Amino acid sequence: MDPGAPATTIRWSHIGKTMYRLVVCIAASILVVVLLFLTRVSPDRMLSAALNLFLIVVLVTSIRWGTRYAVFLSFLSAFAFSWGLPPAGHFHLSDGRVWTVFTACLVTGVIASHLSGRARQAVF
């Protein structure tokens, strides 16, 4: 940043990085839903299949980018899971499976980002 620049100067590189990460999170959620649709998971196995895929995505994201993105991806995972339940295209917020996906993703993401942050501090 230029020392002579005013304090209100926007750092476009940070905005671009944030937008890139948000797009990656959205694309990862869509990819999980597409994988669930293409593999034609039976309705009684939908929760376990979705949890396995969403938790991997949330875990990698939270370790790499931190808590903010883990929380965002947890909401997005619950939304995507709810949207993909039959009848597809509806929000099923009263369904316990949606809350299970949200809670599992949120807890996993927050704990993983906290532990990875502590590991980074210990190394440096």
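Biologist: Which residues does F54 touch, not counting residues up to four places away in sequence?

Modeller: Contact means heavy atoms within 4.5 Å, and by that rule F54 touches S29, V32, V33, S77, A80, F81, V101 and C105, with residues up to four places away in sequence left out. This is a predicted model, in which local features need pLDDT of at least 70 and side-chain atom pairs count only at pLDDT 80 or more, while totals for chains, interfaces and linings use all residues. Residues are numbered from 1 along each chain as its sequence is written, and side-chain values use heavy atoms, with hydrogens and water left out.

Biologist: Which residues touch the most other members of the largest nonpolar core?

Modeller: In soluble globular proteins, nonpolar side chains tend to be buried together. A nonpolar core is a set of buried Ala, Val, Leu, Ile, Met, Phe, Trp, Tyr and Cys residues joined through side-chain atoms within 4.5 Å, where buried means under 20% relative accessible area, exposed over 50% and partly exposed in between, using a 1.4 Å probe and protein chains only. Here the largest such core has 23 residues, of which L36, F54, L73, F81 and V101 touch the most other members. Helices α1, α2 (46-65), α3 and α4 (96-123) each supply at least two residues of this core, and its largest share, eight residues, comes from α2. These helices are DSSP runs (H or I, at least four residues), numbered from the N terminus.

Biologist: Is S62 buried or exposed?

Modeller: S62, which is found in helix α2, is buried, with a relative accessible area of 1%. Leaving aside neighbours within four places in sequence, S62 is in contact with A70, T108, G109, A112, S113 and S116.

Biologist: How many salt bridges does the structure hold?

Modeller: A salt bridge is a side-chain nitrogen of Lys or Arg within 4 Å of a carboxyl oxygen of Asp or Glu, and the structure holds one. In this salt bridge the side chains of D95 and R97 meet at 2.7 Å, N to O, and R97 is partly exposed, with a relative accessible area of 29%.
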